[in-house]
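Please take a moment with the sequence and the model shown here.

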Amino acid sequence: MVKLQESGENYLETILILKNKNGNVRSIDIANELGYTKPSISRAMAILKNAKYITIDENSGYISLTDSGYNIAKAMYERHEILSRYLISLGVSPETAAQDACRIEHVISQETFEKIKENANK
């Protein structure tokens with residue numbers, strides 16, 4: 001398995017969020033959600049597909065997470081949610097907390113995240 005960069009983790013997390021919201025996900029949905037061009041998304045999806053993080057149905061174009069893709073997406077989403085809530089509890093505005101959590105979720109160590117998670121749930 002290839003080590004994903006932050007952008008790859010963001011794409012997987014976005015696929016999970018869109019799947020939960022809409023049921024099915026296509027490249028155009030990701031482009032609209034993230035504000036990227038369709039060619040940029042198509043290139044990223046090809047990379048994720050080759051790395052076996054997603055599958056793309058040839059007929060419908062629907063994108064699905066593989067087990068490994070789902071596990072990464074779920075972990076990133078959990079980090080995002082907990083970090084956002086924690087920052088808000090410190091008095092950070094919801095908008096800033098969401099933006100900062102999006103950056104922090106990719107670089108924070110598992111040890112530090114677990115400690116924040118423990119304290120955020122108190």
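A residue is called buried when its relative accessible area is under 20%, exposed when that area is over 50%, and partly exposed in between, with a 1.4 Å probe and protein chains only. By that rule Arg 26 counts as partly exposed, because its relative accessibility is 37%. The structure is a predicted model, in which local features need pLDDT of at least 70 and side-chain atom pairs count only at pLDDT 80 or more, while totals for chains, interfaces and linings use all residues. Residues are numbered from 1 along each chain as its sequence is written, and side-chain values use heavy atoms, with hydrogens and water left out.

Side chains of opposite charge can pair when their charged atoms come close. A salt bridge is taken here as a side-chain nitrogen of Lys or Arg within 4 Å of a carboxyl oxygen of Asp or Glu, and by this rule the count comes to five salt bridges. One of them joins the side chains of Arg 26 and Asp 29, at 3.5 Å from N to O. Asp 29 counts as buried because its relative accessibility is 17%, whereas Arg 26 is partly exposed.

Another salt bridge is formed by the side chains of Lys 21 and Glu 33, with 3.6 Å from N to O. This pair links distant parts of the chain, since Lys 21 lies in helix H1 (residues 6-22) and Glu 33 in helix H2 (residues 27-34), 12 residues apart. Helices in this account are DSSP runs (H or I, at least four residues), and strands are DSSP runs as well (E, at least two), numbered from the N terminus. Lys 21 has a relative accessibility of 55% and therefore counts as exposed, while Glu 33, at 41%, counts as partly exposed.

The two helices that this pair links also pack against each other. Two packed helices are described by the angle between their axes and the distance between the axes. The axes are lines fitted to C-alpha atoms, for helices over the stretch in contact, and the angles run from 0 to 180 degrees between N-to-C directions. For H1 and H2 the angle is about 105° and the axes are 10 Å apart, so these helices are roughly perpendicular to each other; the classes used are roughly parallel under 35 degrees, roughly antiparallel over 145, roughly perpendicular from 65 to 115, and oblique for the rest. Contact means heavy atoms within 4.5 Å, and in this sense Tyr 11, Thr 14, Ile 15, Leu 18 and Lys 21 of H1 meet Asp 29, Ile 30, Glu 33 and Leu 34 of H2. The residues of this contact divide into five nonpolar, one polar and three charged, where Ala, Val, Leu, Ile, Met, Phe, Trp, Tyr, Cys and Pro count as nonpolar, Asp, Glu, Lys and Arg as charged, and the others, Gly among them, as polar.

H1 has a further partner in H4. The axes of H1 and H4 come within 8 Å and cross at roughly 90°, and these two helices are therefore roughly perpendicular to each other. Among the residues that make the contact are Leu 12 and Leu 16 of H1 and Tyr 70, Met 76 and His 80 of H4. By class, the contact of H1 with H4 has eight nonpolar, two polar and three charged residues.

Which residues of H4 meet H5? They are His 80, Leu 83, Ser 84, Leu 87 and Ile 88, and their partners in H5 include Ala 97, Asp 100 and Ile 104. Helix H4 (residues 67-89) and helix H5 (residues 94-104) pack at an angle of about 135°, with axes 8 Å apart, which makes H4 oblique to H5. Apart from neighbours within four places in sequence, Leu 87 is in contact with Val 92, Ala 97, Asp 100, Ala 101 and Ile 104.

Asp 100 also takes part in a salt bridge, in which its side chain meets that of Arg 103 at 2.6 Å, N to O. Because Arg 103 and Asp 100 are three residues apart in helix H5, about one helical turn separates them. Asp 100 itself, at 24% relative accessibility, counts as partly exposed.
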